Amino acid sequence: MAGSDGIERRSRLTAVPSDRSCGRWRALRPPAVAAALTAAVFAPALWNGFVWDDQFNLVDNPRYRGLGWPQLRWMLTTNRLTHPGLGGQWIPVTWISLGVDYLVWGMNPLGYHLTNVLLHAADAALFLLVARRLLARALPSAGAPLVDLGAGAAALFFALHPLRAESVAWATERRDVLSGLFFLLAVLLYLRAVDAEGRVRARRLGASVGCYALALASKSIVMTLPLVLLVLDAWPLRRLGRGRWRVALLEKLPYFVLAVAGAALAFVAARTGSALSSLASLSWPARIAIAAHSLWFYAWKTFVPLTLSPLYEMPARVD
């Protein structure tokens, strides 16, 4: 009997790691599938070559080629990433990724596109993980299969939408898929911090802020993250009731500081060329009209993605 008890006890102990590994695989399977589908759909971009601004930014630009101190100093100080005379963007993390591409692939455009496709596939997986946590909070009575189904549908809608094509298939738009990666990581780490306490919570919040800084250094479009987190605090996290909004705001201070710094750097970079119109040529009412039109335009193209173009020119006169 003793011998049989010992065998039974050992079998139970060895079964625990197996159960845990199966549980992890079940949790990781949906994001892995989303990433694989996204990579498969965008695989034709590997043969897109260098197009549009790639000629100016990559083909005719030897400054980013490598990760030595001269290249890194240029990446940290330049605002180049557009046609000459049109202003620019401060995106050192994006330039570093392109420098890594050059060290691996030289000037073979396939390698640059491969990095974009892999980054976007990772974005799809992270989007699913974020959506799964938010749906679980919003629908606490829903079972795990239903939450996974909803999160998978949301992730694929985001990842495979025609509006993503330019960001993935254009080497210069590395800034989009890379900033998206760090943006989603920052949100996911924040959501994980909300569910933790003590030092674990502090570490996750710190990692989230770090990812946000990397996102801003990839493309300043992510500067809205602090407001996004406050919206999530309101719903579905429900963290703003009964005076808890003060704690939520204090948590966002590092994010807001980075957002202001990122906005200032973006403004200075854009002023270097003709990217910003003067008030004499474009009045405040016209600017408000353009902003309102942009909100409507992107919402419309999200639901009716027809007659898409790489360039939408502003009319000569904004009425």
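Trainee: What covers the buried residues of H11?

Mentor: The cover includes helix H8 (174-194), helix H9 (198-216) and helix H10 (225-234). The buried residues of H11 are Ala248, Glu251, Lys252, Tyr255, Ala259, Gly262, Ala269 and Ala270. Buried means under 20% relative accessible area, exposed means over 50%, and partly exposed is in between, with a 1.4 Å probe and protein chains only. Before we go on, please keep in mind that this is a predicted model, in which local features need pLDDT of at least 70, side-chain atom pairs count only at pLDDT 80 or more, and totals for chains, interfaces and linings use all residues. Residues are numbered from 1 along each chain as its sequence is written, and side-chain values use heavy atoms, with hydrogens and water left out.

Trainee: What does the secondary structure of the chain come to?

Mentor: There are 12 helices and zero strands. Both kinds of element are DSSP runs numbered from the N terminus: helices are H or I with at least four residues, strands are E with at least two. As for burial, 37% of the 319 residues in the chain are buried.

Trainee: Where does H11 bend?

Mentor: At Leu253, by about 40°, and a proline, Pro254, follows within four residues. The bend at a residue is the angle between axes fitted to the seven residues ending there and the seven starting there.

Trainee: Now the rings. Why is the pair of Trp74 and Trp95 called edge-to-face?

Mentor: Rings of Phe, Tyr and Trp (its six-membered ring) pair if their centres lie within 6.5 Å; planes under 30 degrees apart count as stacked, over 60 as edge-to-face and the rest as tilted. The structure holds 11 aromatic pairs. In this one, Trp74 and Trp95 are 4.9 Å apart centre to centre with 70° between the planes, so the pair passes the distance limit and is edge-to-face. Trp74 lies in helix H3 (residues 69-77) and Trp95 in helix H4 (residues 92-105), so the pair ties together parts that are 21 residues apart in sequence.

Trainee: Why does Trp74 count as buried?

Mentor: Its relative accessibility is 9%, under the 20% limit, so Trp74 counts as buried. Trp95 is buried too, at 0%.

Trainee: What makes the pair of Phe127 and Phe158 stacked?

Mentor: The ring centres are 4.6 Å apart and the planes are at 10°, which is under 30 degrees, so the pair is stacked. Phe127 sits in helix H5 (residues 109-138) and Phe158 in helix H6 (residues 144-160), 31 residues apart. With a relative accessible area of 24%, Phe127 is partly exposed; Phe158, at 22%, is partly exposed as well.

Trainee: Which residues do ring pairs link into a cluster?

Mentor: Tyr64, Trp74, Trp95 and Tyr102.

Trainee: How do you know that the charged end of Arg287 sits over the ring of Trp284?

Mentor: A charge sits over a ring if NZ of Lys or CZ of Arg is within 6 Å of the ring centre and within 35 degrees of the ring normal. The charged end of Arg287 is 5.7 Å from the centre of the Trp284 ring.

Trainee: What makes Thr94 buried?

Mentor: Thr94 has a relative accessible area of 0%, so it is under the limit and buried. Thr94 lies in helix H4. Leaving aside its neighbours within four places in sequence, Thr94 is in contact with Arg174, Arg175, Leu178, Ala217 and Ser218. Contact means heavy atoms within 4.5 Å. The side chain of Thr94 also reaches the backbone oxygen of Ser218 at 2.8 Å.

Trainee: Arg175 is on that list. Is Arg175 buried or exposed?

Mentor: At 8% relative accessibility, Arg175 counts as buried. Arg175 lies in helix H8.

Trainee: And what about Leu139, where does Leu139 lie?

Mentor: In the loop between H5 and H6. Its relative accessibility is 44%, between 20% and 50%, so Leu139 counts as partly exposed. Leu139 and Pro236 are 97 residues apart in sequence and 8.8 Å apart in space, C-alpha to C-alpha.

Notes:
Polar contact = N/O pair within 3.5 Å; in protein donor to acceptor, adjacent residues only side chain to side chain.
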